[in-house]
Amino acid sequence: MTATQIKVAIVGVTGYAGMELLRLLHAHPYVQVVSVHQTTATQETLDQTFPHLQSLYKITPTPVDPVHIMQNADLVFFATSSGVTKTLAAPFIAQHFPVIDLSGDFRLNAKDYAQWYHQPAAPQALLDQASYSLADFYTNDKSYIANPGCYATATLLALAPLAQAQLLDADSIVIDAKSGLSGAGKSLTTASHFITVNENMMMYKPNQHQHLPEIMQQLQRWQPSLAHIQFTTSLLPINRGIFVSAYVKLKQPLTPKAIDALYHQTYADKPFVRLMPLDTFPDIKQVVGTNFTDIGLTYNPITHYLTIVSVIDNMIKGAAGQAIQNMNHLYHFEETTGLNLIAQYA
């Protein structure tokens, strides 16, 4: 299709992901944000509540009205906390209205969602209408797109070439994932107090993080023989960024050069995945403020473990940026449109 401007609405605009959507969409040449919505009433325009939006967005958030949104927009982004979208999605699904959902509510089946999110799921009939879409391997054929979680994005992109080639040893997959504090959202908890986070590091939810089942779900689509992985998550004393260290063994021997070649072949046409030279690793700083995933590899010939490091900006590639990348696919825009961002290195 010819690139034409589309009108979008955002639900859940006051969280970190919603704010990042507003920031990135402002520079998108084919998008106009026509409305923003939240569950609490307000008389203030966005630029009154958030001074950094002065002269950019003079929109007053309104309650969620599906009919009004569908009459005035072409697409709606849900940037809400998990548990909210499932109560709002039915009218949009019934009308096959395009939705990109950044929450976890439509990533899993009903049974897995209830187990991992510890609350009732949306009806399975609605969940079946959603498509989980890792944007770099976009194959969506539905109007409701479930945007992946941040840990899932970094982990899946680290493992995709091996899983797609059926090479992962099912009993030797260890993922050590670390995130900046913004990944926990804006709600304050004891763990997110400055005095707790500053100059500290802590592990949380080992093998219990809600992104684990979506990781397994996608890995099994690529390599059905996989049944489990070891998955730990830790909190870093930084604002944003994901650092995934994956340690895996392969089902058949490959030289480091052959592994490197496999990664280059897989990601040759993926503009947002950048590969480091063999035996060198990326750091978080080189991706903060971008939609890139940077990946580095090294192989230990003694232990036969392959180490893979994957880094992303959790608020962009792990949330708002990937959502826009999915939108670009949905509307057949150039994949990089609005996302040609250089890292905020300093």
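Colleague: How many bridges join strand S1 to strand S3, and do the two run parallel or antiparallel?

Modeller: As a general idea, strands of a sheet pair through backbone hydrogen bonds, either parallel or antiparallel. Two strands pair if DSSP finds at least two bridges between them, and the elements themselves are DSSP runs numbered from the N terminus (helices H or I, at least four residues; strands E, at least two). Here S1 (residues 6-11) and S3 (residues 75-78) run parallel, joined by four bridges. Look at Val-11, for instance: its bridge partner in S3 is Phe-78.

Modeller: Keep in mind that this is a predicted model: local features need pLDDT of at least 70, side-chain atom pairs count only at pLDDT 80 or more, and totals for chains, interfaces and linings use all residues. Residues are numbered from 1 along each chain as its sequence is written, and side-chain values use heavy atoms, with hydrogens and water left out.

Colleague: In what order do the six strands of the open sheet come?

Modeller: Read across, you get S2-S1-S3-S4-S6-S5, with parallel pairing. S2 (31-37) and S5 (130-132) are the edge strands; each has a single partner strand, so one side of each is left without a neighbour in the sheet.

Colleague: Ser-35 sits in S2. Is Ser-35 buried or exposed?

Modeller: The cut-offs on relative accessible area are under 20% for buried, over 50% for exposed and partly exposed in between (1.4 Å probe, protein chains only). Ser-35 comes out at 9%, so it counts as buried. Contact means heavy atoms within 4.5 Å; setting aside neighbours within four places in sequence, Ser-35 is in contact with Val-8, Ala-9, Ile-10 and Ile-59. The side chains of Ser-35 and His-37 are also joined by a polar contact of 2.8 Å. That term covers N or O pairs within 3.5 Å; within protein, one atom must be able to donate a hydrogen and the other to accept it, and residues adjacent in sequence count only if both atoms are side-chain atoms.

Colleague: Which strands are joined to S9 by bridges?

Modeller: S7 runs parallel to S9, with six bridges between them; Asp-176 stands opposite Thr-232 there. S8 (residues 202-204) is antiparallel to S9, joined by three bridges, and Met-203 faces Ser-234. S9 itself (residues 230-235) is mostly covered, with five of its six residues buried.

Colleague: Which residues touch the most other members of the largest nonpolar core?

Modeller: Such a core is a set of buried Ala, Val, Leu, Ile, Met, Phe, Trp, Tyr and Cys residues joined through side-chain atoms within 4.5 Å. In this one, of 46 residues, Leu-159, Leu-162, Ile-175, Leu-219, Ile-229, Val-248 and Ile-308 lead the count. The elements supplying at least two residues each include H5 (110-117), H9 (212-222) and S10 (242-250), but H7 gives the most, with eleven. Apart from this core lies another, of 41 residues, among them Ile-59, Val-311, Ala-323 and Phe-333.

Colleague: Where does UniProt place the "active site" feature?

Modeller: At Cys-150, in an unreviewed entry; UniProt positions follow the numbering used here, feature names are shortened, and annotations may be inferred rather than shown by experiment. Cys-150 is in H7 and, at 10% relative accessibility, counts as buried. Beyond residues up to four places away in sequence, Cys-150 touches His-211, Ile-242, Ile-312, Asn-314 and Gly-318.
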